[in-house]
Amino acid sequence: MKKTRIVVVGAGIVGASLAYHLSGKGAQVTLIEAGEIASGVTASSFAWINTTHAGADPIAQLRDAAIAEYRRLQTELPDLQICWTGALSYNESAEQPASATLLSAAEVLAREPNLKNPPPRALYRAEEGALDAVQATHALIAGAQALGAQLLTQTRVTGFKTCNADVTCVETTAGTFDTDLVVLAAGTGTRQLTQMLNVALPIDASPAIFIRYRTQPGLVKGIISSPSMEIRQSADGTLLAAEDYLGEASGSSPTDIAGQTAEAIRKELHGVVSIAPQTVAVGLRPMPVDGLPIVGFLPGVGGVYVCAMHPGVTLAAIVGRLASEELLDRQSSAALAPCRPERFFRTPAK
């Protein structure tokens with residue numbers, strides 16, 4: 001039986017998950033990346049597998065399945081390193097999600113003994129965790145390659161060939177690739193790729209700051225999200241922080257924010273003898289204009305499937321599996337129904 005040929009464009013964590021799941025279903029996968037593996041926003045992701053959402057959530061079904069999917073992947077890929085440390089939050093409203101436990105100040109200190117000013121109460125989600133997004137992407141791609149996938153880095157897509165409105169070939173700087181299906185998972189670059197097919201998807205580049213600090217190991221045990229900081233610590237002692245991007249003006253540049261966050265961490269934690277930024281990066285998250293992921297076949301063009309989303313790390317495992325089932329098993333997913341690209345092309349009712 002002839003294998004389905006699929007070209008996946010984008011080797012961030014979403015594209016890597018797609019390549020792994022599609023290869024696992026027997027597809028002949030070619031993964032094409034304009035730069036290096038995980039060289040886009042994946043490299044500057046805080047990588048908190050955070051499944052909660054304030055207010056009405058059209059993709060609650062996807063979020064609810066995200067953790068179970070990562071636990072499944074861990075059993076399949078032993079090199080996938082996820083730290084299920086739990087997450088402590090005290091910057092939310094008084095409303096308590098069903099998935100969270102309300103902790104007292106004493107219970108907060110039992111979780112994070114280095115906090116100088118524990119809040120009177122905080123929400124704790126024991127099931128949440130974090131991963132090294134770059135390492136996880138490499139693990140997924142290695143898994144895909146073990147199943148027969150081909151990887152090309154430093155390879156830019158230059159165009160597409162179509163026959164009867166179906167894409168049949170992907171043109172790149174490394175040559176042309178005949179294909180049965182194309183999956184676009186290139187983050188903020190997805191918008192430019194769909195424009196090559198004369199389809200405009202409203203995907204914005206939403207910047208966020210990711211900071212790595214050199215400091216003392218063992219300062220925090222899990223993920224802490226508070227009004228003054230969002231931090232976690234990796235196994236090698238590196239302290240990781242996420243902050244909003246406020247522009248490049250003096251006092252609010254990423255470097256300035258890194259310094260201000262370091263001072264906030266000093267004020268909030270015991271044991272910070274020294275803290276210095278290792279790297280300060282601005283990641284451009286692919287943010288559809290309505291905030292919902294875009295997952296599904298591209299309207300008006302045959303054989304092209306799009307995966308563009310925030311939060312990409314959280315949803316990579318579940319979307320990888322569901323998209324592979326849609327593409328190869330023809331199983332339409334109800335969980336992905338709110339994510340379809342068609343929503344941007346419907347004619348308003350008169």
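A residue is called buried when its relative accessible area is under 20%, exposed when the value is over 50%, and partly exposed in between. Asp180, with a relative accessible area of 33%, is therefore partly exposed. The model is a predicted one.

- The structure contains 11 salt bridges.
- One of them joins the side chains of Arg5 and Asp180, with N and O 3.1 Å apart.
- Arg5 belongs to strand S1 (residues 5–9) and Asp180 to the loop between strand S12 (175–178) and strand S13 (181–184), so this pair ties together parts that are 175 residues apart in sequence.
- Arg5 has a relative accessibility of 22% and counts as partly exposed.
- Another salt bridge is formed by Asp329 and Lys25, whose closest N and O atoms are 2.6 Å apart.
- This second pair also links distant parts of the chain, since Asp329 lies in the segment after H7 and Lys25 in the loop between H1 and S2, 304 residues apart.
- Asp329 is partly exposed at 35% relative accessibility, and Lys25 is partly exposed at 37%.

- Glu325 and Arg321 form a salt bridge through their side chains, at 2.9 Å from N to O.
- These two residues stand four residues apart in helix H7, which means that about one helical turn separates Glu325 from Arg321.
- Glu325 is buried, its relative accessible area being 16%, whereas Arg321 is partly exposed at 23% relative accessibility.
- Through salt bridges that share partners, Glu69, Arg72, Glu76, Arg321 and Glu325 are joined into one network.

**Helix H2**

- Helix H2 covers residues 60–76, a run of 17 residues.
- The distance from the first C-alpha of H2 to its last is 25 Å, close to the 24 Å expected at 1.5 Å a residue.
- H2 has a kink of about 35 degrees, and the kink is centred on Ala66.
- Ala66 is also among the buried residues of H2, together with Leu62, Arg63, Ile67, Glu69, Tyr70 and Leu73.
- The elements that cover these buried residues include helix H1 (13–24), strand S3 (48–49), strand S4 (82–83), strand S8 (129–131), helix H4 (133–146) and helix H7 (312–328).

**Helix H4**

- Asp132 caps the N-terminal end of H4, with a side-chain oxygen 3.1 Å from the backbone nitrogen of Val134.
- Just after H4, Gly148 adopts a positive phi of about 110 degrees.

**Arg232, a buried charged residue**

- Arg232 is located in strand S16 (residues 230–233).
- Although buried, Arg232 has no salt bridge, and the nearest side chain of opposite charge, that of Asp132, is 6.8 Å away.
- A polar atom of the Arg232 side chain lies 2.9 Å from the backbone oxygen of Phe46.
- Setting aside neighbours within four places in sequence, the contacts of Arg232 include Phe46, Ala47, Ala130, Leu131, Val220 and Leu240.

- Thr51 is part of the loop between S3 and H2.
- With a relative accessible area of 12%, Thr51 is buried.
- Beyond its neighbours within four places in sequence, Thr51 is in contact with Arg63, Ala66, Ile67, Glu127, Glu128 and Thr314.
- Ile265 is situated in helix H6 (residues 254–268).
- Ile265 has 0% relative accessibility and so counts as buried.
- Apart from residues up to four places away in sequence, Ile265 touches Tyr213, Met229, Ile231, Leu239, Val272 and Ile275.
- Ala205 is 60 residues from Ile265 in sequence, and the two C-alpha atoms are 28 Å apart in space.

Conventions. Residues numbered from 1 in each chain as written. Predicted model: local features only at pLDDT ≥ 70, side-chain atom pairs only at ≥ 80, totals over all residues. Heavy atoms only, no water. Expected span 1.5 Å × (residues − 1). Bend = angle between axes of the 7 residues up to and from the residue. Buried < 20%, exposed > 50% of the residue type's maximum accessible area, 1.4 Å probe, protein only. Contact = heavy atoms within 4.5 Å. Lys, Arg positive; Asp, Glu negative; His and termini not counted. Salt bridge = Lys/Arg side-chain N within 4 Å of Asp/Glu carboxyl O. Polar contact = N/O pair within 3.5 Å; in protein donor to acceptor, adjacent residues only side chain to side chain.
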